[in-house]
Amino acid sequence: MAEEVVLLDSLASMFGMRVRIALAEKGIKYEYKEEDLRHKTDLLHKMNPVHKKIPVLIHNGKPVCESLIIVQYIDEVWNDKSPLLPSDPYQRSHARFWADFVDQKVYDASRRVWRTKGEEQEAAKNDFFKSFKILERELGDKPYFGGETFGFVDIALITFYSWFYVYETYGKFSIEAECPKIIAWAKRCMQKESVANTLLDQKKVYDLLW
Ligand code: GS8
(Lines give C-alpha, C1' and ligand atoms only; values in the text may rest on other atoms or scores of the structure.)
Protein backbone atom coordinates (compact mmCIF):
# COMPACT_ATOMS: atom_id res chain seq x y z
CA MET A 1 0.00 0.00 0.00
CA ALA A 2 1.26 3.47 -0.84
CA GLU A 3 2.08 5.36 2.32
CA GLU A 4 0.22 8.59 2.90
CA VAL A 5 2.05 10.77 5.41
CA VAL A 6 0.86 14.24 6.34
CA LEU A 7 2.33 16.50 9.00
CA LEU A 8 0.34 19.30 10.64
CA ASP A 9 2.98 21.64 11.97
CA SER A 10 4.18 25.17 12.60
CA LEU A 11 7.55 26.26 11.25
CA ALA A 12 9.24 27.51 14.43
CA SER A 13 7.88 24.83 16.74
CA MET A 14 10.58 22.88 18.57
CA PHE A 15 8.07 20.04 18.82
CA GLY A 16 7.29 20.04 15.13
CA MET A 17 10.96 20.21 14.18
CA ARG A 18 11.55 16.98 16.14
CA VAL A 19 9.15 15.16 13.86
CA ARG A 20 10.65 16.72 10.72
CA ILE A 21 14.15 15.58 11.77
CA ALA A 22 12.90 12.04 12.45
CA LEU A 23 11.17 11.91 9.06
CA ALA A 24 14.32 13.20 7.37
CA GLU A 25 16.49 10.64 9.19
CA LYS A 26 14.25 7.90 7.84
CA GLY A 27 14.00 9.44 4.37
CA ILE A 28 10.20 9.55 4.43
CA LYS A 29 8.33 11.72 1.97
CA TYR A 30 5.40 13.59 3.43
CA GLU A 31 3.06 16.46 2.90
CA TYR A 32 3.77 19.40 5.19
CA LYS A 33 0.77 21.48 6.25
CA GLU A 34 1.48 24.70 8.10
CA GLU A 35 -1.11 25.55 10.78
CA ASP A 36 -1.85 29.11 11.78
CA LEU A 37 -2.19 28.52 15.51
CA ARG A 38 -4.41 31.58 15.91
CA HIS A 39 -6.84 30.16 13.36
CA LYS A 40 -6.59 26.42 13.65
CA THR A 41 -8.02 24.34 10.83
CA ASP A 42 -10.92 21.93 11.19
CA LEU A 43 -8.43 19.21 10.27
CA LEU A 44 -6.31 19.97 13.37
CA HIS A 45 -9.42 19.98 15.58
CA LYS A 46 -10.45 16.66 14.12
CA MET A 47 -7.02 15.03 14.27
CA ASN A 48 -6.05 16.23 17.75
CA PRO A 49 -9.39 16.83 19.47
CA VAL A 50 -7.92 16.55 22.97
CA HIS A 51 -5.05 19.09 22.86
CA LYS A 52 -5.68 20.78 19.49
CA LYS A 53 -1.91 21.22 19.19
CA ILE A 54 0.65 20.63 16.50
CA PRO A 55 2.53 18.52 15.59
CA VAL A 56 0.19 15.80 14.38
CA LEU A 57 1.39 13.07 12.07
CA ILE A 58 -1.38 11.60 9.94
CA HIS A 59 -0.32 8.21 8.65
CA ASN A 60 -2.71 6.65 6.15
CA GLY A 61 -5.52 8.76 7.62
CA LYS A 62 -4.79 7.96 11.28
CA PRO A 63 -3.45 10.67 13.59
CA VAL A 64 -0.55 10.34 16.01
CA CYS A 65 -0.14 13.21 18.49
CA GLU A 66 2.60 14.46 20.84
CA SER A 67 6.04 14.95 19.34
CA LEU A 68 7.98 12.35 21.35
CA ILE A 69 5.27 9.77 20.78
CA ILE A 70 5.33 10.59 17.07
CA VAL A 71 9.13 10.19 16.89
CA GLN A 72 8.86 6.79 18.60
CA TYR A 73 6.05 5.81 16.20
CA ILE A 74 8.19 6.79 13.21
CA ASP A 75 11.08 4.75 14.60
CA GLU A 76 8.85 1.70 15.04
CA VAL A 77 7.06 1.88 11.70
CA TRP A 78 10.07 2.71 9.53
CA ASN A 79 12.49 0.42 11.33
CA ASP A 80 14.61 -0.51 8.31
CA LYS A 81 17.11 2.35 8.69
CA SER A 82 18.57 4.94 11.10
CA PRO A 83 17.33 3.52 14.41
CA LEU A 84 16.53 6.40 16.77
CA LEU A 85 15.95 4.46 19.98
CA PRO A 86 18.30 1.73 21.17
CA SER A 87 17.03 -1.85 20.95
CA ASP A 88 17.94 -2.78 24.52
CA PRO A 89 14.92 -2.19 26.83
CA TYR A 90 17.02 -0.62 29.59
CA GLN A 91 18.75 1.74 27.17
CA ARG A 92 15.37 2.61 25.65
CA SER A 93 13.96 3.54 29.03
CA HIS A 94 17.08 5.61 29.70
CA ALA A 95 16.58 7.53 26.44
CA ARG A 96 12.89 8.09 27.25
CA PHE A 97 13.83 9.38 30.69
CA TRP A 98 16.11 12.07 29.23
CA ALA A 99 13.68 13.07 26.50
CA ASP A 100 11.05 13.49 29.22
CA PHE A 101 13.54 15.57 31.22
CA VAL A 102 13.88 17.87 28.20
CA ASP A 103 10.11 18.27 28.00
CA GLN A 104 9.63 18.79 31.71
CA LYS A 105 12.64 20.89 32.68
CA VAL A 106 14.22 22.47 29.61
CA TYR A 107 10.95 23.46 27.93
CA ASP A 108 9.47 24.93 31.08
CA ALA A 109 12.57 26.98 32.01
CA SER A 110 13.27 28.10 28.45
CA ARG A 111 9.83 29.58 27.88
CA ARG A 112 9.99 31.41 31.22
CA VAL A 113 13.38 32.88 30.22
CA TRP A 114 11.85 34.93 27.44
CA ARG A 115 8.31 35.36 28.70
CA THR A 116 8.97 36.75 32.17
CA LYS A 117 10.81 39.65 33.73
CA GLY A 118 12.54 40.59 37.00
CA GLU A 119 12.70 38.01 39.76
CA GLU A 120 10.65 35.50 37.83
CA GLN A 121 13.12 35.74 34.95
CA GLU A 122 16.11 35.35 37.27
CA ALA A 123 14.57 32.15 38.64
CA ALA A 124 13.94 30.96 35.08
CA LYS A 125 17.57 31.61 34.10
CA ASN A 126 18.73 29.58 37.12
CA ASP A 127 16.48 26.69 36.19
CA PHE A 128 17.56 26.95 32.55
CA PHE A 129 21.26 26.59 33.31
CA LYS A 130 20.65 24.01 36.03
CA SER A 131 18.89 21.80 33.46
CA PHE A 132 21.53 22.32 30.78
CA LYS A 133 24.34 21.54 33.24
CA ILE A 134 22.61 18.31 34.18
CA LEU A 135 22.35 17.52 30.47
CA GLU A 136 26.05 18.30 29.99
CA ARG A 137 26.84 15.76 32.70
CA GLU A 138 24.63 13.19 31.01
CA LEU A 139 26.33 13.86 27.66
CA GLY A 140 29.76 13.39 29.25
CA ASP A 141 32.37 12.67 26.61
CA LYS A 142 29.97 11.06 24.18
CA PRO A 143 29.51 12.74 20.78
CA TYR A 144 25.71 12.40 21.07
CA PHE A 145 23.25 11.66 23.84
CA GLY A 146 22.60 8.46 21.91
CA GLY A 147 26.30 7.54 22.23
CA GLU A 148 28.22 7.19 18.99
CA THR A 149 25.10 7.85 16.92
CA PHE A 150 22.51 10.60 16.83
CA GLY A 151 19.24 9.42 18.39
CA PHE A 152 16.04 10.06 20.31
CA VAL A 153 17.37 12.38 23.03
CA ASP A 154 19.41 14.33 20.48
CA ILE A 155 16.24 14.89 18.47
CA ALA A 156 14.28 15.88 21.57
CA LEU A 157 16.82 18.56 22.52
CA ILE A 158 18.42 19.88 19.33
CA THR A 159 15.31 21.72 18.16
CA PHE A 160 15.70 24.11 21.09
CA TYR A 161 18.92 25.29 19.40
CA SER A 162 16.79 27.27 16.94
CA TRP A 163 15.54 29.24 19.92
CA PHE A 164 18.95 29.91 21.53
CA TYR A 165 19.18 33.43 20.08
CA VAL A 166 15.76 34.23 21.59
CA TYR A 167 16.81 32.93 25.02
CA GLU A 168 20.17 34.73 24.88
CA THR A 169 18.67 38.01 23.75
CA TYR A 170 15.86 38.07 26.30
CA GLY A 171 17.94 36.49 29.06
CA LYS A 172 21.02 38.63 28.34
CA PHE A 173 23.34 35.67 28.72
CA SER A 174 25.64 33.50 26.65
CA ILE A 175 24.81 29.81 26.59
CA GLU A 176 28.28 29.02 25.23
CA ALA A 177 29.94 30.75 28.19
CA GLU A 178 27.93 28.66 30.68
CA CYS A 179 27.52 25.40 28.79
CA PRO A 180 30.23 25.06 26.12
CA LYS A 181 29.68 21.31 25.78
CA ILE A 182 26.07 21.84 24.79
CA ILE A 183 27.10 24.26 22.05
CA ALA A 184 29.79 21.87 20.79
CA TRP A 185 27.18 19.07 20.74
CA ALA A 186 24.66 21.31 18.92
CA LYS A 187 27.24 22.19 16.27
CA ARG A 188 28.00 18.49 15.86
CA CYS A 189 24.29 17.78 15.35
CA MET A 190 24.12 20.62 12.82
CA GLN A 191 26.56 18.71 10.66
CA LYS A 192 23.81 16.20 10.05
CA GLU A 193 21.74 16.98 6.97
CA SER A 194 18.48 16.03 8.69
CA VAL A 195 19.15 18.63 11.38
CA ALA A 196 20.70 21.40 9.27
CA ASN A 197 17.87 21.21 6.72
CA THR A 198 15.19 21.25 9.40
CA LEU A 199 16.23 23.72 12.09
CA LEU A 200 14.84 27.16 11.54
CA ASP A 201 17.50 29.88 11.58
CA GLN A 202 17.87 31.36 15.09
CA LYS A 203 17.29 34.95 13.95
CA LYS A 204 14.23 33.93 11.94
CA VAL A 205 12.71 32.43 15.06
CA TYR A 206 13.38 35.70 16.88
CA ASP A 207 11.81 37.72 14.03
CA LEU A 208 8.77 35.46 13.99
CA LEU A 209 7.99 36.39 17.57
CA TRP A 210 7.05 39.88 16.44
C1 GS8 B 1 3.52 20.14 22.84
C2 GS8 B 1 2.99 20.67 21.52
C3 GS8 B 1 2.77 22.18 21.58
O4 GS8 B 1 2.91 22.82 22.64
C5 GS8 B 1 4.28 17.90 21.96
O6 GS8 B 1 3.88 17.73 20.79
O7 GS8 B 1 5.37 17.45 22.35
N8 GS8 B 1 3.73 18.23 24.29
C9 GS8 B 1 3.37 18.63 22.94
N10 GS8 B 1 2.39 22.76 20.42
C11 GS8 B 1 2.10 24.16 20.37
C12 GS8 B 1 2.96 24.85 19.33
S13 GS8 B 1 4.66 24.82 19.74
O14 GS8 B 1 4.79 25.72 21.00
C15 GS8 B 1 0.63 24.36 19.93
O16 GS8 B 1 0.14 23.67 19.06
N17 GS8 B 1 -0.03 25.32 20.55
C18 GS8 B 1 -1.36 25.68 20.21
C19 GS8 B 1 -2.19 25.94 21.43
O20 GS8 B 1 -1.69 25.80 22.56
O21 GS8 B 1 -3.35 26.29 21.27
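Me: Before we start, what do buried, partly exposed and exposed mean here?
Reply: Buried means under 20% relative accessible area, exposed means over 50%, and partly exposed lies in between. Please note that this is a predicted model.

Me: Which of those applies to Asp108, and why?
Reply: Asp108 is partly exposed, because its relative accessible area is 35%.

Me: What does Asp108 pair with?
Reply: Asp108 forms a salt bridge with Arg112, and the closest N and O atoms are 3.0 Å apart. Both residues lie in helix 4, 4 residues apart, which is about one turn of the helix. Arg112 has 23% relative accessibility and therefore counts as partly exposed.

Me: Which residues make up the network around that pair?
Reply: A network of salt bridges links Asp108, Arg112 and Asp127.

Me: How many salt bridges are there in the whole structure?
Reply: A search of the whole structure finds 11. One of them joins the side chains of Arg18 and Asp103, at 2.7 Å from N to O. That pair links distant parts of the chain, with Arg18 in helix 1 and Asp103 in helix 4, 85 residues apart.

Me: Is Arg18 buried or exposed?
Reply: Arg18 counts as buried because its relative accessibility is 0%. Asp103, at 24%, counts as partly exposed.

Me: How many residues of helix 1 are buried?
Reply: Helix 1 is mostly covered, with 12 of its 13 residues buried.

Me: Changing topic, which residues form the positive surface patch?
Reply: The patch is formed by Lys40, Lys52, Lys53, Arg111 and Arg115. Arg115 lies in helix 4 and counts as exposed because its relative accessibility is 52%.

Terms used
Residues are numbered from 1 along each chain as its sequence is written. This is a predicted model: local features need pLDDT of at least 70, side-chain atom pairs count only at pLDDT 80 or more; totals for chains, interfaces and linings use all residues. Side-chain values use heavy atoms; hydrogens and water are left out. Patches are made of residues with over 30% relative accessible area and no salt bridge: like charges are joined within 9 Å, nonpolar side chains (Val, Leu, Ile, Met, Phe, Trp, Tyr) within 5 Å. Accessible areas come from the Shrake-Rupley method with a 1.4 Å probe; for residues, only the protein chains shown count as cover. A salt bridge is a side-chain nitrogen of Lys or Arg within 4 Å of a carboxyl oxygen of Asp or Glu. Lys and Arg count as positive and Asp and Glu as negative; His and the chain ends are not counted. The place of a charge is taken as NZ of Lys, CZ of Arg, CG of Asp or CD of Glu. Helices (H or I, at least four residues) and strands (E, at least two) are DSSP runs, numbered from the N terminus. Buried means under 20% relative accessible area, exposed over 50%, partly exposed in between (1.4 Å probe, protein chains only).
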